[in-house]
Amino acid sequence: MENAHRSKAEHVAQQLLDRIIAARLKPGSSFATEAELLTQFNVSRPTLRESLQLLESQGVLERRPGPGGGIIVREPSIDLLAHGLSVFLRLHEVPFGTVLKSREVIEPALAFEAAISGSKAEFAELEASITRMGALDVQADQDAFLEENRVFHSIIARASGNKVLEVFWNTISVLAHGEHHGIRYSVGNQAHVVAAHQRILDACRRRDGEAAAAEMGSHVGALENLVRSRYQHLLKHPTRVFERPGRLIA
């Protein structure tokens, strides 16, 4: 009987999702009231609430109490995907080194596509990121350095024009950032990163996809080399689990 109830709740959740997609509702839009949905779907209140909870857990809806509240459409976040993936990887005892290897596959492909498809405006954004990174005091502000590094790589992912790979990169990058494992970067590391970013940008501006991919491959491979030389124990360490939104919990 419990399985039948769950099946009905999942069926209603799918119908609600289909309705949101068909109506092209934007994040922040009001969807409906619970009373309206009860009438439209002719289900019990517990079944409807279970359906709404399923969509909430997927980041699709949010229920807000009180005046002006109701059922609000949301946009699933990368943190939500990263959390689910990190749980899967941890339960399957996938080591951190394997996560790093995945970046070495995804990021060169993104750089190749960015060189072919990226706009001049996106290349200007990359140049500005390089300039900001070069001006940072990495020893005094590791967080600013790491954030600027993420900015550069996220622009490359966006410039690729491949939304699927961009989402993969954003998800993996949350898990592959070494700072969550205690990795720190020196002034020498900063200089190498700035130079690598510049070489990637230069290749993109030449519209040389192969060169951009090769430069990116060398660049992301350097992180694994850093781990091997200074933090070798981390390579076999289980992938950490991240709590939404992106907080390390285990």
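Helices are DSSP runs of H or I with at least four residues, numbered from the N terminus. The model is predicted, so local features need pLDDT of at least 70 and side-chain atom pairs pLDDT 80 or more, whereas totals for chains, interfaces and linings use all residues. Residues are numbered from 1 along each chain as its sequence is written, and side-chain values use heavy atoms, without hydrogens and water.

**View A. Lining of the second largest pocket.** A pocket is an open set of points on a 1 Å grid over the protein atoms alone where a 1.4 Å probe fits, with protein on both sides within 12 Å along at least five of seven lines; lining residues have an atom within 4 Å of a point. The volume, the space filled by probe spheres set on the points, is about 170 Å³. Glu75, Pro76, Ser77, Ile78, Leu81, Lys163, Glu166, Val167 and Asn170 form the lining.

**View B. Helix H5, residues 96-117.** The 22 residues of H5 reach 31 Å from first to last C-alpha, close to the 32 Å expected at 1.5 Å a residue, where the expected span is 1.5 Å times one less than the number of residues. Buried residues (under 20% relative accessible area, 1.4 Å probe, protein chains only) of H5 include Phe96, Leu100, Arg103 and Glu107.

**View C. Thr47 in helix H3, residues 45-57.** Thr47 counts as buried because its relative accessibility is 4%. A polar contact (N or O atoms within 3.5 Å, one able to donate a hydrogen and the other to accept it) joins the side chains of Thr47 and Ser44 at 2.9 Å.

Conventions. Helix = DSSP H or I, 4+ residues; strand = E, 2+ residues; numbered from the N terminus. Buried < 20%, exposed > 50% of the residue type's maximum accessible area, 1.4 Å probe, protein only.
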